[in-house]
Amino acid sequence: MPGWISSPLIGGEHGIINTHDVIKRWFDIILSLVLLIIFSPIMVIITLAIKITSPGEVIYRQQRLGRYGKIFYLLKFRSMVKNAESMGSGMLLEENDTRITPLGKFLRKTSLDELPQLINVLKGEMSMVGPRPAPVFHLPKYDDEQRRRLQFRPGITGWAQVNGRVALYWPQRIELDLWYIDHYSLLLDYKILLKTAWTVFDRKSTAAKPDRKDVDPFMKM
């Protein structure tokens, strides 16, 4: 398991917590609870639809990097066929990937597959807003500056999410995450949440660059 890294914001693993961090955490708890209640009927319907249309588990769990590099299990509604990671391009998602189920295409298009991450937020593994949780194999690739990305809890949405999402190479996404960390405020979080609703309908930000396997150093296992 990766080691922890220190954080000037809250004092690393020893947890010298400031006021903003406390407010952000309480905001996460309240908002995730409210959204879980609001979306619970939809989550039940999605659960039944996955069970009916495709064999396999309903919730997909994948190890990701959390705050200070601590590993946690990211939760999503399964949108691909069972054991998809052992087929084709593995963890790398290709354009028009045949491993994605018909229902999964809809869930990904609407971002409804990410609703279970509200549970990650409630547990304190994620935040509503922050850098998107990176795959575990990214950690050795970070330089000292890029490792600052792990100072905050990973988020369901974030500054990089509303400024390009997967249309960006990982180094570009990390650069935006670092900008967010350096300019963090509660007001910025609110702005990102408001912009997130629009990005769900912005199809340009959901198309990954076709040369990412050759160009992006973080895409190589």
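Colleague: Why is Arg132 called buried?

Modeller: Arg132 has a relative accessibility of 10%, and buried means under 20% relative accessible area, with exposed over 50% and partly exposed in between (1.4 Å probe, protein chains only), so Arg132 counts as buried. This is a predicted model, in which local features need pLDDT of at least 70 and side-chain atom pairs count only at pLDDT 80 or more, while totals for chains, interfaces and linings use all residues. Residues are numbered from 1 along each chain as its sequence is written, and side-chain values use heavy atoms, with hydrogens and water left out.

Colleague: What makes the pair of Arg132 and Gln117 a polar contact?

Modeller: Their side chains come to 2.9 Å, and a polar contact is a pair of N or O atoms within 3.5 Å, where within protein one must be able to donate a hydrogen and the other to accept it, and residues adjacent in sequence count only if both atoms are side-chain atoms.

Colleague: Why is Ile38 called exposed?

Modeller: Ile38 has a relative accessible area of 52%, which is set against the limit of over 50%, and therefore Ile38 is exposed.

Colleague: Which residues form a nonpolar patch on the surface with Ile38?

Modeller: Val22, Trp26, Ile30 and Val34 form the patch together with Ile38, with about 490 Å² of accessible area together.

Colleague: How confident is the predictor in the protein chain?

Modeller: On pLDDT, the predictor's confidence in each residue from 0 to 100, the protein chain averages 84, and 79% of the residues score at least 70. Over residues 1-16, however, pLDDT stays under 50. Where pLDDT is low, the predicted coordinates should not be read in detail.

Technical notes. Contact = heavy atoms within 4.5 Å. Patch = residues over 30% accessible without salt bridge, like charges linked within 9 Å, V, L, I, M, F, W, Y side chains within 5 Å. Areas by Shrake-Rupley, 256 points an atom, 1.4 Å probe, with all protein chains shown as cover. Salt bridge = Lys/Arg side-chain N within 4 Å of Asp/Glu carboxyl O.
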